[in-house]
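I'd like to walk you through one structure, so please have a look at it with me.

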Amino acid sequence: MSSPLNPTALDTLFRKARSYNRWQDKLVSGETLQALYDLLKWGPTSANCSPARFVFLQSEAAKARLKPLVMGSNAIKVMTAPVVAIVAWDAEFYDKIPQLFPHNPEARDWFAHDADVAHQTAFRNSTLQGAYLMLAARALGLDCGPMSGFDNKAVDAEFFPDSQIKSNFLCAIGYGSTDELFPRSPRLAFDDACQVL
């Protein structure tokens, strides 16, 4: 691989990156969303299964559909963010495996005939892809505000009716404002979170 990123890039992706609650009045273009996906799609997933599906809510009307389905102060975040991504997963992701894993198209059967394995794989890997979304957004100069306080079943009924696609989490995307930005919370030290065996 290449050499390590410089400290400024590491600050952008991790050390100085924050979860934003409020946003500058600055649009995120469709071209930027395309660039965002074109970065995040390269992140690894099991058998390259790529189960995540993304719905980018950019219009006021689309965000208004989501607003009553989120909890508490998340409604303000939804309506003020330039974009809110619904990070979702396709329960039948395995149908794309012959396209995405062409050296072993039979890998489809690893998942297609075991609902538990398919569910675990789709949920785990869509979560990974949601994390790639946030890293890609930060790499492009955007800020993020991930949210899990919402009614998954209601979101699925509103945005994915009669579909095998299910919501995982939400992520506001835009240019963060320091208004109502909480102080940085601590993280666990290496010795508290890690073992080397």
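Let's start in the loop between helix H2 (30-40) and strand E2 (52-57), which is where Ala47 lies. Its phi is near 50°, and that is a positive value in a residue other than glycine. Please keep in mind that this is a predicted model. Is Ala47 buried or exposed? Ala47 has a relative accessible area of 16%, and the cut-off for buried is under 20%, so Ala47 is buried.

Now hop over to Glu180, in the loop between strand E6 (176-177) and helix H9 (190-193). Glu180 also has a positive phi, near 60°, and again the residue is not a glycine. Here the relative accessible area is 53%, and because exposed means over 50%, Glu180 counts as exposed.

Next, some helix packing. Helix H1 (residues 7-15) packs with helix H7 (residues 115-139) at an angle of about 140°, and the two axes are 9 Å apart. That angle makes H1 oblique to H7. As for handedness, H1 and H7 make a right-handed crossing. Which residues meet there? From H1 we have Thr12, Leu13 and Phe14, and from H7 they meet Leu135, Arg138 and Ala139. By type, the residues of this contact between H1 and H7 are four nonpolar, one polar and one charged.

On to the inside. The largest nonpolar core has 21 residues, and those with the most contacts inside it are Leu66, Val84, Phe159 and Leu170. Which elements give two or more residues to this core? They are helices H3 (60-66), H4 (74-80) and H8 (152-159), together with strands E3 (83-90) and E5 (165-174). Take Leu170 as an example: if we leave aside neighbours within four places in sequence, its contacts include Leu66, Val84, Ile86, Pro146, Met147 and Phe150. There is another core apart from this one, with 20 residues, among them Leu33, Leu40, Tyr132 and Ala136.

Last stop: Glu158, which sits in helix H8. With a relative accessible area of 33%, Glu158 is partly exposed. Which residues does Glu158 touch, not counting those up to four places away in sequence? They are Arg65 and Leu69. For a sense of scale, Glu158 and Asn6 are 152 residues apart along the chain, and their C-alpha atoms are separated by 43 Å.

That's my tour, and I'm happy to go back to any of these spots with you.

Key: Residues are numbered from 1 along each chain as its sequence is written. This is a predicted model: local features need pLDDT of at least 70, side-chain atom pairs count only at pLDDT 80 or more; totals for chains, interfaces and linings use all residues. Side-chain values use heavy atoms; hydrogens and water are left out. Axes are lines fitted to C-alpha atoms, for helices over the stretch in contact, and angles run from 0 to 180 degrees between N-to-C directions. Helices (H or I, at least four residues) and strands (E, at least two) are DSSP runs, numbered from the N terminus. Angles under 35 degrees count as roughly parallel, over 145 as roughly antiparallel, 65 to 115 as roughly perpendicular and the rest as oblique. A crossing is left-handed if the near helix is turned anticlockwise from the far one by less than a right angle, and right-handed if clockwise. Contact means heavy atoms within 4.5 Å. Ala, Val, Leu, Ile, Met, Phe, Trp, Tyr, Cys and Pro count as nonpolar, Asp, Glu, Lys and Arg as charged, and the others, Gly among them, as polar. A nonpolar core is a set of buried Ala, Val, Leu, Ile, Met, Phe, Trp, Tyr and Cys residues joined through side-chain atoms within 4.5 Å. Buried means under 20% relative accessible area, exposed over 50%, partly exposed in between (1.4 Å probe, protein chains only).
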